[in-house]
Amino acid sequence: MQAARHVVCALSGGVDSAVSALLLKRRGYQVTGVFMKNWDSLDEHGVCTADQDCEDAYRVCQVLDIPFHQVSYVKEYWNDVFSDFLNEYEKGRTPNPDVVCNKHIKFSCFFHYAVNSLGADAVATGHYARTSLEDEEVFQQKYIKRPEGLFRNRFEVRNAVKLLQAADGFKDQTFFLSQVSQDALRRTIFPLGELTKDFVKKIAAENKLHHVLQKKESMGICFIGKRDFEKFLLQYLQPRPGNFISIEDNKVLGKHQGWFLYTLGQRARIGGLKEPWYVVEKDGVKGDVFVAPHVDHPALFRELLRTSRVHWIAEEPPAALVRDRMMECHFRFRHQMALVRCVLQGGRVPGQREDPATGAIGLHAPEGPEQTSSGLPGPRTRPRPLTPSHCAASDLGTSVA
């Protein structure tokens with residue numbers, strides 16, 4: 001008789017990962033729960049939320065009668081995620097720490113710990129996502145040591161695993177998983193991929209997981225939580241006071257503590273002004289933030305962006321892009337943003353000064369309906385400001401490139 005497959009499930013102390021572990025056990029797998037501590041600090045109220053989350057994850061393991069482990073990646077999170085986060089903000093860009101955390105912590109540090117230290121046949125998380133592999137196909141995957149450097153063996157025959165959108169379009173989290181490596185993805189199970197959030201809560205309520213069901217939805221920066229963002233950033237970055245300037249008449253409207261604190265397109269809360277103003281441009285030399293009135297101001301819209309090197313989940317660009325140097329697809333640069341139809345253009349794009357070898361890509365929004373987060377056609381709107389260093393995930397059908 002074959003031994004039960006061993007699946008190591010990441011537990012956050014929340015309802016999604018708890019139900020994921022439950023569903024894996026129902027499938028007959030040997031399940032181990034692992035809690036990751038990645039941030040070592042107190043919140044603004046003096047409460048160490050990581051300790052409470054760890055306790056909740058431990059209680060989940062007790063209810064499910066599965067082994068519990070705790071690992072600390074505080075050092076790795078600081079070096080690979082948070083330092084990059086601060087550096088990007090200081091340069092005036094808007095990083096997405098959740099995307100970077102998944103790439104370096106959950107699907108690298110945790111993944112290798114589960115496979116190499118705990119002997120896992122597969123790992124699992126509570127993300128709302130799917131892959132193109134069934135469970136048994138995941139268990140058949142073998143770890144292959146990859147060659148060093150950018151280029152792998154072109155003669156190596158491997159069927160790439162696709163990252164697919166979740167059945168629950170509103171909760172779909174594939175945007176946050178868009179930088180995960182092929183090696184990690186092919187040995188990962190997403191038990192919630194076919195479920196809705198409401199059904200997940202129902203399962204928790206019926207299986208004595210009330211302590212995680214009652215918790216608020218996790219928000220804010222990955223593993224750090226929801227905070228007063230400006231105050232939080234200014235604990236680590238020096239203030240650089242400057243002016244808010246109207247894009248229409250160059251009038252100074254107010255003061256701010258740092259141009260790097262603002263993202264293109266966000267509402268700028270300017271003291272003394274009742275009407276909303278939105279960030280259009282930033283001058284890092286003078287420290288000025290240019291703003292426009294009204295959410296539909298023409299200066300707030302873009303139809304072209306340039307990117308640096310692209311991360312292809314399948315490791316190779318689509319054949320159509322290689323052949324034609326362009327292809328149609330959908331993209332988003334923000335979680336839950338409606339998918340926008342676009343044309344992906346490889347190589348040099350108009351106005352680009354960088355060497356085309358950097359892998360720059362132009363995105364042009366053609367005519368036609370957009371696709372909503374549920375995958376259904378929606379009304380066409382112009383793309384919002386495309387913030388420097390935002391991650392942009394392209395969708396090819398229901399898969400994420």
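Predicted model: local features only at pLDDT ≥ 70, side-chain atom pairs only at ≥ 80, totals over all residues.
Residues are numbered from 1 along each chain as its sequence is written, and side-chain values use heavy atoms, with hydrogens and water left out.

I read off 10 helices and 19 strands (DSSP runs numbered from the N terminus: helices are H or I of at least four residues, strands E of at least two).

Next I checked strand β12, residues 288-293. I found 6 of its 6 residues buried, so the rest of the structure largely encloses β12 (buried means under 20% relative accessible area, with a 1.4 Å probe and protein chains only). D288, F290 and A292 lie on one side, and V289, V291 and P293 on the other. In a regular strand, side chains alternate between the two faces of the sheet.

I then listed the partners of β12. β11 (residues 277-283) pairs with β12 in the antiparallel sense over 6 bridges, and β8 (residues 242-246) in the parallel sense over 3 bridges (strands pair if DSSP finds at least two bridges between them). D283 stands opposite D288, and S246 has V291 as its bridge partner.

Last, I looked at Y262, in the loop between β9 and β10. Y262 is buried, at 8% relative accessible area. Its contacts beyond four places in sequence include F244, V279 and V289.

Key
Buried < 20%, exposed > 50% of the residue type's maximum accessible area, 1.4 Å probe, protein only. Contact = heavy atoms within 4.5 Å.
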